[in-house]
Structures are given as structure tokens and as C-alpha cells.
Amino acid sequence: MDLENQKRVKEFYDQYGADQIVVLVGAAEGEAGGLAAETVALGDPTFAGCLAGVSLKLPCYHICEPEIKEEIDEGVYDEQISMMEMVLDVDDICEEMNAIREQVAEA
Amino acid sequence: MSDYAVLRGASYTLAHTPDMVIHDGATQVTERVVNPDGEYLKELPKHIRSFEDAVRYAPNQAYIGNLNNEELKAIEFPWYDKPTDITERTGKYGEIMPEDEYYGLMQICDTFDLVELEASFAADVKAKLAANGMFTDEQVAVLDKNANFTEESLAEVVADGGCGLYFNDKLVGAIKKAHDVDVNLSAHVMLENIASKATSVLSLLHLVRVTGIDPAEVDYVIDCAEEACGDMNQRGGGNFAKAAAEIAGFTNATGSDTRGFCAGPAHALLNAASLVKAGTFKNVVVTAGGCTAKLGMNGKSHVEKGLPILEDCLAGFSVLISEDNGTDPVIRTDIVGRHTVGTGSSPQAVISSLVTDPLDAAGLSITDVDKYAPEMQNPDITKPAGAGDVPEANFKMIAALGVKKGAIEKKELASFIVEHGMKGWAPTQGHIPSGVPFMGPCRDLMLDGSIKRAMIIGKGSLFLGRMTNLFDGVSFVIEANNGQSAGGSGVSEEEVKGLIANALKDFAAGLLAE
């Protein structure tokens, strides 16, 4: 995850607390989405950013996951996301994101 | 008469600069600061390609025009381990220049005596540049000024804040700082700027070769690279365009620089086509040189995966936009997509603004465009670095938008991508891959009747400059010329006058008869 984004997530965490934050990602591939989820939940696996060794345990979802799609106005989703939903491998993304969330739950 | 500006031709050049990868690429420069004894810098030299390997590399041959996209596509991916049989360094659109000659060209492009080359190296390079055939005797004679420079004197220049120029890991030249205090004129910045100027000049010279235009007929030059030249009082003062035009011998041209990160070339081409259509100038050249900072940008991924350093070339291109001649493809400056301040940043909003909005306004369907040219990055470079196949991702998005618009069925997605897309072949030099690598091939395909309509799409990440969080992009359509122009088979002014005269004669005869 981009170092600047790690910094922002950490600032929001400090300002609002873990129970007030859900991190939404729009990664193009499952692996990249999983990496972002891992970073904000378990710490930066590349040890490059401010979340290196910091486990925030923030819930993280991809914008194309059903849990998030349900929360969004259908028209807005159609206008902003539906094209990418068609392009992306949503099953692979969901699998990666679920795997990280399960890992966090077990941790 | 269409009055649209036309695409008269394009040139594409590469300078193979493996030593610059090690000494001047931003990834390597950063690594030397933060991790000087790390594995990467130790491993890197083992992954450097020879000039011969760079010449035989399929995407490089595609860039200079010796391999078309169908031929590139026919080579099994990945390409780095499947060299072509082509050993020719010159192609239909340009050439691949070796590093030693390129240092000579940098000196030809340096008007402030900042570049110094070791005497025997310079003599050797002078002979090679003379044999190249692209340079005048006067230009080649610039290298005579190196007689007193030795490896020791160059080392002193480097010790005094200069930048070394290396060939086969040996110090063969140096670039002096252009000011004692001003960081904007430091040796590092001067190296970046002279390198950009030199690749632009090489492309301009090849543009003259490719199009046959008399350099004196060029009215205006627009540079759209991503460097900035100036001093501490005006850091981006400019003007790369005029500086390069001077060396290329465009004596009647002035020019200016247009910037927009990777979208720069598309903006510049729109400006050029509009200047010509408005009648302000007859011949406008859009040009850009390469970027030393991006050499070996993804080197860590390539080394880690055992690949050669594939980002070992500086790239340049030049495009000639002229008034309608009835033959060359027209730039439809009335079918233009814009990512505006209010567009938003979701991929869907971006692609809609650049692709479907302008087509809708022109009454065209997504399938009416034969070929789309978004960012044409070589996937051999981006895939191992985790950035995927960038052109393919763009074609997928365009196709998905086509499905949403009802222009194609969902089951036709894959075939749309094959039919309307292309394999990427451009080096990852920022502004270089952004739509423009297709200008040359596009002209050829339209002149031989293979395609009728294409769209060039430029996109830029403005947020990198920290002035705005916005994204950017512009697009435009190119169409085969239907010949209905002033210079073509259409009706000329004289013919119209003749027709009116005849009609008046008939009218008068009719009146007399009454």
C-alpha cells in the first residue's frame, strides 16, 4: 500500500478509533486488494510504511464485494462501479479479502 | 473541404543507456542513498542487457517500426527471452542508438559547454556519428573540443559536483554543474534536461527523414516531455521545444512546452492540430525526449524475478501535423474527450469522459472506432512489476463500457479486445506510451486502408505533483482522409468560380431569350 495512504489510514485511526472505520479498496487484482487489507489489519508486510509492525485490525473490503455493494445506492453503483465490476475478477478478489479477514479474526 | 489538420508522419527513437540505468535512474539513485550495501545494487549489473540484445528485443523493434503489432502479437509472451532475428538498429520510424553515440549526441545538444568527453572516446564517437548519416559535418565537429579531457580531468569535474557519464562501467565523460548554488542548474538536472533534449533532437531528425519535410518549413514545435528547465527564479521557464528545434535546424520555427504528466502528448497534439486547423501555422511538430529518472524504474522487480533490466532505453518521438493535403489521416478536433475538473476519479467516469462521451456527441458507437490507443506500455515490463497488462486493462474497460451502452454483448467482450485493441510495445517512460506510439502505425494502417478510424487517449496522474488530487486525460479521433480537401480531389475555388460563371451565363442567356 502507498506510503502516503498508510499515513492517512493511521491518522484516521488515531482521530476516530478502530470501531468507527472501515477501509474500502478499489484494487484491480485480488492480490493487491489482499495486500492492502493485510496492511491496515495486520501491518505493512513490505515494512516500508508507517504501518510496518503496527496491527490496526481495521475491517477492509473491496468496493466490488457483495457486503459493500448492498450498502450503496443502485444508481450510483451502476454509474461509478458497474463497468469495473465487469472487468475485474470479483470472485478472486472476494476470496483474497475473505482470507485476510479470517486471518485477522483468528489473530 | 474538411479543413482538418492531418497526420503527416511520426518518428520514434530509442537510446540504449545501460550505464545511465545504474548511475541516473531514480530507483537506483534512491537505493544508493537508503541501502548502498544492499543486494539489489550488487545484483543489478548482472542483469544489464547488451546493445545487441536491446536491438533484437521485439518491443524495441516494434517501437522503431520494423515489427508491426500483428507480428509482435505472434511472438509468444513473455518477449524478453525470445529475441527476434532483426539486428537492424534503424527502422521505418527511427533508430536505436547505442550509449557511446548518444553521449556524443548529448554534447552536440549542449550549447553551454557543460558536457565533456574523454579525448580518445570522443574521437571514436565522432567517427561513429559521422557514419550514422543523421548529422551534419558541423554537428559532428562539435566533438573536436574534447582534445584536452582525460579520465583524471573528468574525475575532477565529478568531484566538483558534476555527473559522470559511464560506458561499459568506465568514466568517459562528465556533465558540469551550470551554477554554483542553484539546484535547478545542478549537474544532475542538467544531465536530465540535456538527455531529454538529445532524444527529442534525434526524433526530430528522424521525423525529417521519415516525412521528407524541409526543416525550414516547420513553423512551430511543441515539446511535451515531463522535465522542466529553468533557474531558481523560474524553475519551469522552458523552452525545450525551441532548444531542440535549433539543433534540428528548424530555422523558421519557434515553439513552446506543454505539460500534463503522461497526458502531455495528447494535449500537445490537440494544440498542434488546432493551430493548424485555425490557419495559424501550416506545419506544427509535437516532440518529446526521454527521461533518465525512469531508467530501471521497475528494476527491483525485474532483478528479483531473474529478468534483464528491460527499462534500459531513453525514448523519444516526434509527430508532424500539417494542413490538409487530401491524403494523410485527419485529426478530428471536433471529436474530443476531456476529463474535466468535475468528472470524478472512478475508472468508469474517466473512461466515459474520454471514450463514450465524445463518441456519443458525434453520433458514433464504440464499435465505430477500429483501434483504440490508450497507454501502450510494454507488458513485458509492467507484468513482472505487478502492474498488470496496462493496455489490456484499458481495452477491457472500454469493452465493458460498450456492454453497458448496449453496443456489444457481454459475450463479445474478449473478441472486442482482440479486434479493437493492440499489444503494448512502448517503453515505460511516462509520457512516451500515452497513446502517441500509435500515431505512426495508425497513419500506415489508414493509408493502406486497413482501418478507417482510431482514437488516441492520453491520461495523466496530476496528483504526483502535489498541486491537485485530480486525474487528467484528453482524447481525440483520427480518421482516414476522404480526399475532400483543398489539396485533394474536392472542388477548388477556381472550379466554384467557373461553375458560378457558367450559371450566370445560362441565366443571362435565359433572360435574353425571353
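In this predicted model, the side chains of B:D312 and B:R49 meet in a salt bridge, 2.9 Å from N to O. B:D312 sits in the loop between helix 14 (299–304) and strand 9 (313–322) of chain B, and B:R49 in the loop between helix 3 (39–43) and helix 4 (51–56) of chain B, so the pair ties together parts that are 263 residues apart in sequence. Over all chains, the structure holds 31 salt bridges. Side chains of opposite charge can pair when their charged atoms come close.

**Where chain B meets chain A**

- In this interface, 15 residues of chain B are in contact with 11 residues of chain A.
- The two chains, B and A, bury about 1,100 Å² between them. Carbon and sulfur atoms account for 63% of that area.
- The rule finds 1 salt bridge across the interface of chain B and chain A.
- A:D78 forms a salt bridge with B:K404, with the closest N and O atoms 2.7 Å apart.
- Between chain B and chain A, 8 residue pairs are in polar contact, both residues at pLDDT 80 or more.
- Helix 15 (347–361) and helix 17 (390–404) of chain B are the elements that give two or more residues to the side of chain B that touches chain A.
- Helix 17 of chain B gives the most to that side, with 6 residues.
- By class, the side of chain B that touches chain A has 8 nonpolar, 4 polar and 3 charged residues.

**Helix 7 against helix 8 in chain B**

- Helix 7 (residues 99–109) and helix 8 (residues 119–132) of chain B pack at an angle of about 90°, with their axes 9 Å apart.
- Helix 7 of chain B brings B:D100, B:E101, B:Y103, B:G104, B:L105 and B:I108 to the contact. Helix 8 of chain B brings B:F121, B:V125, B:K128, B:L129 and B:N132.
- The contact of helix 7 with helix 8 of chain B has 6 nonpolar, 2 polar and 3 charged residues.

**Helix 7 against helix 11 in chain B**

- The axes of helix 7 and helix 11 (residues 187–211) of chain B come within 9 Å and cross at roughly 100°.
- Helices 7 and 11 of chain B are therefore roughly perpendicular to each other.
- On helix 7 of chain B, the contact uses B:Y102, B:L105, B:M106 and B:C109. On helix 11 of chain B, the contact residues include B:L191, B:I194, B:K197 and B:L202.
- The contact of helix 7 with helix 11 of chain B divides into 10 nonpolar, 2 polar and 1 charged residues.

Terms used. Residues numbered from 1 in each chain as written. Chains lettered and ligands numbered in written order. Predicted model: local features only at pLDDT ≥ 70, side-chain atom pairs only at ≥ 80, totals over all residues. Heavy atoms only, no water. Axes fitted to C-alpha atoms, helices over the stretch in contact; angles between N-to-C directions. Helix = DSSP H or I, 4+ residues; strand = E, 2+ residues; numbered from the N terminus. Contact = heavy atoms within 4.5 Å. Nonpolar A, V, L, I, M, F, W, Y, C, P; charged D, E, K, R; others polar. Buried area = accessible area lost by both parts, 1.4 Å probe. Salt bridge = Lys/Arg side-chain N within 4 Å of Asp/Glu carboxyl O. Polar contact = N/O pair within 3.5 Å; in protein donor to acceptor, adjacent residues only side chain to side chain. Parallel < 35°, antiparallel > 145°, perpendicular 65-115°, else oblique.
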